[in-house]
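Thank you all for coming.

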Number of protein chains: 2
Amino acid sequence: MGLTPTERTVIRRGPEKAAFDVATLYDVLDSSLIAHVGICDSSGQPFVLPTAFARVENSVAFHGSTASRLFKSLAHGSPCCLTVTCLDGLVLARSAFESSMNYRSAVVLGVPQVVTGDRELAVLESISEHLMPGRWSEIRPPAEQELKATLTLVLELAECSVKIRRGGPEDVPDDLATTPWSTTWAGHVPMGTTFGTPVADPHTPANTPIPQYIGDWG
Amino acid sequence: MGLTPTERTVIRRGPEKAAFDVATLYDVLDSSLIAHVGICDSSGQPFVLPTAFARVENSVAFHGSTASRLFKSLAHGSPCCLTVTCLDGLVLARSAFESSMNYRSAVVLGVPQVVTGDRELAVLESISEHLMPGRWSEIRPPAEQELKATLTLVLELAECSVKIRRGGPEDVPDDLATTPWSTTWAGHVPMGTTFGTPVADPHTPANTPIPQYIGDWG
């Protein structure tokens, strides 16, 4: 399975934060709407770009322009790293050193595969439904020339790591016993993502109701 | 200035989304609490990891463990890419192809520099105050052995790009004129980050008030 640590994915810093079960990996991937994809050029310069994505069974899928250098390079077999991070909160310790963040992150290494035909269409639907559940059945599906302009990639969850930090600070005993630090408020402040009020565009006919599925997001 | 496009930072896909003013670059960097940092190993495999960071004057600063492979490699002169992305909303177009996200992203390329001594302490304070404004004066500053375990890096904003998408969909004329797409609700749904109710840890003395500065976050 993809969560068995390899030399490249073993978590050496904070190993107690590593998770090794598939359900947790899937949960982290399913909780975020964007991923950051890294590739290297021939000089060893990395490039990291944000992208919409979705987990599709035991893989992550993302898409871009067939004219993009990044996507061309990936289509030609460049190894990539796809990282997903959910920032869950801030950890207010009694010292600067123990101050931290609560987060869930997943790192996936590998060479993505190009998908085409019916499978590409199914993967594009999965990405759309991950980002905007309920939307796909209401919109025009991709036309042939739109599909030609789109490169859809799937990266198997074959070599991954997951790291999670939750809860309050882990202060050193001295700070818990010494004023003023021992009387300082310490704990954590949860963070989350919220959706605001939908804004109709000028072409939407007056009195068109806001789709009900939007109310289920977040 | 760092926003003059180079061969490596010129935005070819969606060039109308590129921004070239320093105020916009600073705003994007100042709006996010985490960055994704990419480096390449000697085999050309990229690694992308999330990190807390802050803009400090005309640079971005971040820190990690002196024992981390990533940070050791950066300290020894590996080029990196630091990317910051603010997800601002979902764009519900009338077609799958025009469906999109609203976002602001900044990409910074370069070789970070290690900072030490008084400058390191000042940079660590800047990172803390970016993440948790008001907190630094209440907590124990780093001890000497904690500083020894911390590698603090500063990456000048010398080669950067900024890309921004705002507002509603840009549907093709056919979809605006053809039912059922022309009568579909289309627009955008804003997204944002919120802070929840602070949770005191068990060591915080009863009745310790929640610090007032937390109320100013978000």
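Let me begin with the interface: 100% of the interface residues of chain A are also interface residues in chain B, so the copies meet through the same surface. Before I go further, please keep in mind that this is a predicted model, in which local features need pLDDT of at least 70, side-chain atom pairs count only at pLDDT 80 or more, and totals for chains, interfaces and linings use all residues. Residues are numbered from 1 along each chain as its sequence is written, while chains are lettered from A and ligands numbered from 1 in the order in which they are written.

In numbers, 79 residues of chain A are in contact with 79 residues of chain B, where contact means that the C-beta atoms of two residues, placed from the backbone, lie within 7 Å. The elements that give two or more residues to the side of chain A that touches chain B include strand S2 (34–40), helix H3 (117–131) and strand S10 (187–195) of chain A; helices here are DSSP runs of H or I with at least four residues, strands are runs of E with at least two, and both are numbered from the N terminus. S10(A) gives the most to that side, with nine residues. By class, the side of chain A that touches chain B has 45 nonpolar, 24 polar and ten charged residues, with Ala, Val, Leu, Ile, Met, Phe, Trp, Tyr, Cys and Pro counted as nonpolar, Asp, Glu, Lys and Arg as charged, and the others, Gly among them, as polar.

How do the strands pair across the two chains? S10(A) and S10(B) pair in the antiparallel sense over five bridges, pairing being assigned if DSSP finds at least two bridges between two strands, and Phe195(A) has Met191(B) as its bridge partner in S10(B). S11(A) also pairs with S10(B) in the antiparallel sense, over two bridges, and there the partner of Ala200(A) is Gly187(B). Within chain B, S5(B) and S10(B) pair in the antiparallel sense over four bridges, with His188(B) as the partner of Val91(B).

As for symmetry, chain A can be laid on chain B with an RMSD of 0.0 Å by a turn of 180° and a shift of 0.0 Å along the axis, the copies being superposed by least squares on the C-alpha atoms of residues with pLDDT of at least 70 in both. That is the relation of a two-fold axis, and in chain A the C-alpha nearest the axis is that of Thr193(A), 2.3 Å from it.

Turning to the inside, 40% of the 218 residues of chain A count as buried, that is, 20 or more other C-beta atoms lie within 10 Å of the residue's own, whereas 12 or fewer make a residue exposed, in between is partly exposed, and C-beta atoms are placed from the backbone.

Finally, consider helix H1 (residues 22–30) of chain B, in which Leu25(B), Val28(B) and Leu29(B) are buried. They cover an arc of only 95° around the axis, which puts them on the same side of H1(B), the arc being that of the directions from the helix axis to the C-beta atoms. On the other side of H1(B), Ala23(B) and Asp30(B) are exposed.
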